[in-house]
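Please look over the structure shown here with its helices in view.

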Amino acid sequence: MNKKLVFGLLLITTIILLGVNFSQYLTLENAKAQQVALTHFIEDNFWLSAISYFILYVALTAFSVPGATVVTLLGAALFGFWFSLLLVSFASTIGATIAFLSSRYLLKEWVQKRFGDKLNSVNQGVEKDGAFYLFSLRLIPIFPFFLINLLMGLTPISISRYYVTSQIGMLPGTAVYLNAGTQLAEINTLSGILSPAVIASFVLLGVFPIAVKWLMSKFRPQFTSQ
């Protein structure tokens, strides 16, 4: 049996098992219940806690385990806004890149079979707008990031461009969730974090790079002819 197929099957099995066994613990209620105990532990073991949190976040993102939003909120409540922004920004991008590479080299057939109907539009977007298309998807939080990670792995985009674009594009959304996480005790539902106004702002941010590129392509001939 093909080695890539074997590793791919093992990875899919791992993702399913992690989702079934651990997603029940990654709830808003449980995070709020554990906040005080974790705060005391972090006070005595700051760097061990920070490294452990970073590794956990990378794993959650890489394996697309439901509950990353709750872990994001908890990170802000435990480490503060700016330090958690540093941790989550890099951990989420590294995890997303691992998922991207897994899709490209191990899960290609499975992703193609399960999400093939969405792949054509993604390929067209990447072919037309390149990194601008990915940047727009990252800025709009209504799209599931795990699906973006998997589908982008089947496109021609380079690893370095994918990483840098994801790092920058996910930063605003990460900041919004972390800012909410600093008031974790007052949050009752995850849906309450993003108000319609905030969602509209992200949609505008997502459209902005495409609009800029269109304007540049439209007016560039006029400047070059002068």
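The crossing of α7 and α9 is right-handed, a term used when the near helix is turned clockwise from the far one by less than a right angle, anticlockwise being left-handed. This is a predicted model, in which local features need pLDDT of at least 70 and side-chain atom pairs count only at pLDDT 80 or more, while totals for chains, interfaces and linings use all residues. Residues are numbered from 1 along each chain as its sequence is written, and side-chain values use heavy atoms, with hydrogens and water left out.

**Packing of α7 and α9**
- Helix α9 covers residues 159-169 and packs against α7 at an angle of about 35°, with the axes 8 Å apart; axes are lines fitted to C-alpha atoms over the stretch in contact, and angles run from 0 to 180 degrees between N-to-C directions.
- On the α7 side the contact (heavy atoms within 4.5 Å) is made by A131, L134, F135, R138 and L139, and on the α9 side by R161, Y162, T165, S166, I168 and G169.
- By class, this contact of α7 with α9 has six nonpolar, three polar and two charged residues, where Ala, Val, Leu, Ile, Met, Phe, Trp, Tyr, Cys and Pro count as nonpolar, Asp, Glu, Lys and Arg as charged, and the others, Gly among them, as polar.

**R138, a buried residue of α7**
- R138 is placed in helix α7, which spans residues 131-139, and R138 counts as buried because its relative accessibility is 2%, the limit for buried being under 20% relative accessible area with a 1.4 Å probe and protein chains only.
- Not counting residues up to four places away in sequence, R138 touches A96, F145, I148, N149, Y162, S166, G169 and M170.

**The nonpolar cores**
- In the largest nonpolar core, which has 20 residues, V111, L151, M152 and Y162 touch the most other members; such a core is a set of buried Ala, Val, Leu, Ile, Met, Phe, Trp, Tyr and Cys residues joined through side-chain atoms within 4.5 Å.
- At least two residues of this core come from each of α5, α6 (108-129), α7 and α8 (145-152).
- Apart from it lies another core, of 17 residues, including L74, A76, L78 and L85.

**S89 in α5**
- S89 lies in helix α5, residues 81-105, and counts as buried because its relative accessibility is 8%.
- Leaving out residues up to four places away in sequence, S89 touches S84, Q167, L171 and T174.

Methods:
Helices (H or I, at least four residues) and strands (E, at least two) are DSSP runs, numbered from the N terminus. Buried means under 20% relative accessible area, exposed over 50%, partly exposed in between (1.4 Å probe, protein chains only).
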